[in-house]
Amino acid sequence: MLAIMNQFIINFCLLFTTITLLFLPFRNQPRISLNSKWSIRLILGAVSGLIAVLLMFNGIQIDVARVDLRIVPVAIAMLFGGFPSAIVAGAMIIGTRYFLTPVDQMEGFYLSTLIIVLFITTIGIIRRFVHVSMRHFRLMVLVGILYSLPAIYILTHSWSTFFKISIAYVFFNLLAGFVAFRLLTELRRHFENIQYQQKLAMTDALTGLANRRRLDDSLSLVGSTDQGYSLVLIDIDFFKHVNDTYGHDAGDDVLRQLGMTLASLTRPDDLVGRYGGEEFLIILPSTSAKEAQKIAELARLTVARNLFPTADVPDLQITISLGISHSSGSHTSLEALQQADKALYYSKESGRNRSTIYTKELAFRQA
């Protein structure tokens with residue numbers, strides 16, 4: 001009995017070590033559910049199946065019975081990924097059981113195959129009517145235990161051996177089900193906290209747009225590609241007057257509203273962020289200077305035509321000046337940003353409320 005308990009403890013430790021390691025790649029993924037992409041659910045099934053296979057290779061062989069904690073990863077696959085995940089895990093278990101079964105002990109393979117099919121079918125039906133919770137996860141594990149116990153008795157051919165195994169089997173599977181669900185819950189909470197902290201580190205607190213750090217990182221990424229990109233640098237005209245006249249709260253309202261306006265005008269692959277103070281930057285991947293100017297002009301006209309109401313000034317109007325640069329890989333992202341800044345400076349010096357594309361002639365004129 002002590003030897004059986006020791007083997008189950010090894011299986012138990014292996015289960016939680018593999019869960020911790022193999023679920024790490026999911027840390028940047030949204031929560032896996034029945035609505036997740038099929039590819040993600042199939043990967044979940046493969047990971048759960050791999051955990052089950054490792055448990056089987058370290059299982060307990062008594063007569064023709066092989067016992068371990070494999071029902072726990074199958075229950076994990078079903079609870080989070082549904083039938084697609086559980087079927088992949090089940091197929092891996094059946095294939096491994098066949099590989100591990102000697103030719104003269106095939107009755108064990110056939111019976112374990114029947115049990116895993118019945119188990120997946122039953123908990124699949126249950127999954128349609130339950131949600132992700134400890135209680136329902138333990139119910140799935142209990143179903144697996146109830147299906148497995150008769151098979152263990154048939155394959156051990158001995159009541160005394162059956163009782164020794166079944167006591168440890170029931171205890172460790174119920175304990176593993178409890179701890180596995182808590183571990184996955186804590187891992188997910190930890191992963192989401194990391195994602196939240198990463199988002200905060202890359203988000204401007206006032207506008208909710210990308211901050212300077214994220215913009216700089218994105219500039220480095222687009223600068224490392226061979227495809228051309230454009231930059232649009234934006235500055236609010238006479239913003240100091242807004243702050244001095246109406247107060248900094250009104251200025252913050254204007255910045256927030258302008259950020260939402262710019263974000264609504266950009267394409268899915270574009271990135272708009274607050275570059276600092278009243279300056280905003282739009283990164284336009286795979287975009288020519290002319291296409292960038294169309295977007296810049298749309299932004300300029302939209303801002304000029306709309307009101308930016310604050311608590312004390314419901315009819316506040318503002319304008320923006322814009323500088324545009326284009327890079328095709330011939331110079332660095334820093335140089336592209338400097339060119340956009342020079343074009344913005346020209347827009348402001350030329351009367352504001354206008355957009356300017358950087359050209360060599362413009363650089364010569366400013367020299």
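Start by selecting N353, which sits in the loop that links α11 (333-349) to β7 (355-357); helices (H or I, at least four residues) and strands (E, at least two) are DSSP runs, numbered from the N terminus. You're looking at a predicted model, where local features need pLDDT of at least 70, side-chain atom pairs count only at pLDDT 80 or more, and totals for chains, interfaces and linings use all residues. Numbering runs from 1 along each chain as its sequence is written, and side-chain values use heavy atoms, with hydrogens and water left out.

Check the backbone of N353: phi is positive, about 55°, though this residue is not a glycine. Most residues other than glycine have a negative phi. N353 is partly exposed, at a relative accessible area of 28% (buried is under 20%, exposed over 50%, partly exposed in between, with a 1.4 Å probe and protein chains only).

Next, pick F238, in the loop between β3 (229-236) and α8 (239-246). Here too phi is positive, near 55°, in a residue other than glycine. F238 counts as exposed, with 56% relative accessibility.

Now zoom out. The chain has 12 helices and seven strands. Its radius of gyration is 31 Å, well over the 21 Å that the globule rule gives for 367 residues, so the chain is more spread out than a compact globule. (That radius is taken over C-alpha atoms, and the rule is 2.2 Å times the number of residues to the power 0.38.) Along the principal axes, the C-alpha atoms fill a box of roughly 95 × 50 × 30 Å.

Time to go inside. Select F8, L15, I19, F23, I76 and F137: of the 56 residues in the largest nonpolar core, these touch the most other members. Such a core is a set of buried Ala, Val, Leu, Ile, Met, Phe, Trp, Tyr and Cys residues joined through side-chain atoms within 4.5 Å. Elements giving two or more residues to this core include α1 (2-22), α3 (71-100) and α6 (159-201).

Keep F137 highlighted. Leaving aside neighbours within four places in sequence, F137 is in contact (heavy atoms within 4.5 Å) with V72, A75, I76, L79, G177, A180 and F181.

Last stop: L155, in helix α5. L155 counts as buried, at 6% relative accessibility.
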